[in-house]
Amino acid sequence: MTTASIMRSEGSPIAGIGWMVAAGLCFVGMTVLIKSVGTALPAAQTALLRFALGLPFLLPMLPALRRARITARHWRLLSLRAVLHSCGVGLWFYAIARIPLGDVTAINYLNPIWVTVGAALLMGEALPPRRLAAVGAAFIGAFVVLRPGLREIDPGHVAMMGTAMLIASGYLVVKRLSEDLSPEVIVAMLSLMVPLGLLPFALPVWAAPAAGDLVFLFLAAGLGTGGHYAMTRAFASAPLTVTQPVTFLQLVWAVLLGALLFGEPVDSFTVLGGAIIMGSVLFISWRETRARRAATAATPEAVLSRRASGRDARGSSRG
C-alpha cells in the first residue's frame, strides 16, 4: 500500500472496517469449507483442486495479463513465488484437516511477523529495538498457542508454522515483483502456476473426489477470491492501524465455528496467544504508518506546500 493511498484513505475508516469484516468472514468461511473436506482427499490434491476450480475467477484479469511484459527476471521471481506458495498451501491444507480452526488462524497471524524478519535479513530493512521487541512478543504468542511440553504438538501445528514462513517468503518476492508488474498480473500468474507446482505432489496420491467435495472447494475458491478483493478494498479505504485490529475477529469466529461445527474445544490459550500475536502485528503496522507519514511530511513538495499555506495564512490575517 502506497503512502498516497494511506493519506487518501484516512477519511473513511468505517468503510475500511466494513471491508475487513467482509474479508474475515470470507476467509473463515473458506477455511470451514476446506476443513469440511478434511482428510477425504490428500492435502496436495485438495489444494490443487481449490486453485484449479478458482481459475474462472481470473477472467477479469486476462486483459492485464495479455498486456504485461514479463521478462526472464520476472519469470524467475514468479516461479520462485509459485514454489514457495505451492509448498505453503500444501502444508496449510494438511494443517486445516488435523488441528483446530482456532490454532490455524492464530498461527497464521505470524505471516506479517515473518515478513518483517525476512525484510530485515534479506532486504536490509531496519529492525529497530521496538519493532524487534514486537517480533519477540509475537513468537511468545506462538509458544502460548503451541504450549510445547504442556501438550503434544501435532504435525499439523508444525505444518502451520511452515505455512506461515513459506507464505511470508512469497510476500517478499511479491514486493520485488510489484515494482514492475501490476497486482492483477501477479495474482493471475500465481493462480496459474500454483496448480502446476502442486501437480507432482497430487498425482501420485490422487483419489476420486466426491461431487460434494468439488462443490465445497469451488465455493472455497470463490470465498478466497472475494476475501482478497475485500481485503484490498479495506486497505484502500482506511489505514492499517484501523483495519488490522479487525482481523482479530477471524480468530473469534474460527474458535466459535470450530466448536459449533466440528466439536472442537474452546481453547483459551489459543485466544490469548492469538491476541499477543495480533497485538504485535498491530504495533508494527502502527509504527510503519507513522514512519510513512513522517517520510511524506519530509518530502520537498510537502515542505513547500506547508510554507505556501503559512504564507497564505499570514496574508489572510494581515488583510
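Residues are called buried here when their relative accessible area is under 20%, and the views below are taken from a predicted model.

**View 1. The packing of α3 against α5.** Two packed helices are described by the angle between their axes and the distance between the axes. For helix α3 (residues 43-53) and helix α5 (residues 72-96) the angle is about 115°, and the axes lie 8 Å apart. The crossing in which α3 passes α5 is right-handed. On the α3 side the contact is made by A43, T46, A47, R50 and F51, while α5 contributes H85, V89, G90, F93 and Y94. Sorted by class, the residues in this contact of α3 with α5 are six nonpolar, three polar and one charged.

**View 2. The nonpolar cores.** In soluble globular proteins, nonpolar side chains tend to be buried together. The largest nonpolar core of this model has 49 residues, of which I34, W92, F93, L110, I113, M160 and I277 touch the most other members. When neighbours within four places in sequence are left aside, I113 is in contact with V135, A138, F139, S280, V281 and I284. Another core, of 17 residues, lies apart from the largest one, and its members include A64, L84, I186 and M193.

**View 3. Helix α6.** Seven of the eight residues of helix α6 (residues 101-108) are buried, so this helix, too, is largely enclosed by the rest of the structure. The buried residues in α6 are L101, G102, D103, V104, T105, A106 and I107.

**View 4. The loop between α8 and α9.** R147 is placed in the loop that runs between α8 (129-146) and α9 (155-177). Although R147 is not a glycine, its phi is positive, at about 50°. With a relative accessibility of 13%, R147 counts as buried, because the cut-off for that class is under 20%.

**View 5. P63 in helix α4.** P63 is found in helix α4 (residues 62-67), and at 32% relative accessibility this proline counts as partly exposed. P63 and E184 are separated by 121 residues in sequence, yet their C-alpha atoms are 9.4 Å apart in space.

**View 6. Two cysteines.** C26 is buried, with a relative accessible area of 18%, whereas C87 is partly exposed, with a relative accessible area of 33%. The structure holds zero disulfides.

**View 7. The chain as the setting for the close-ups.** The protein chain has 15 helices and zero strands, and buried residues make up 43% of its 319 residues. Among the contacts in the chain between residues at least 6 apart in sequence, 90% join residues that are at least 24 apart.

Definitions and conventions: Residues numbered from 1 in each chain as written. Predicted model: local features only at pLDDT ≥ 70, side-chain atom pairs only at ≥ 80, totals over all residues. Heavy atoms only, no water. Axes fitted to C-alpha atoms, helices over the stretch in contact; angles between N-to-C directions. Helix = DSSP H or I, 4+ residues; strand = E, 2+ residues; numbered from the N terminus. Left-handed = near helix turned anticlockwise from the far one by under 90°. Contact = heavy atoms within 4.5 Å. Nonpolar A, V, L, I, M, F, W, Y, C, P; charged D, E, K, R; others polar. Core = buried A, V, L, I, M, F, W, Y, C linked by side-chain atoms within 4.5 Å. Buried < 20%, exposed > 50% of the residue type's maximum accessible area, 1.4 Å probe, protein only. Disulfide = S-S within 2.5 Å.
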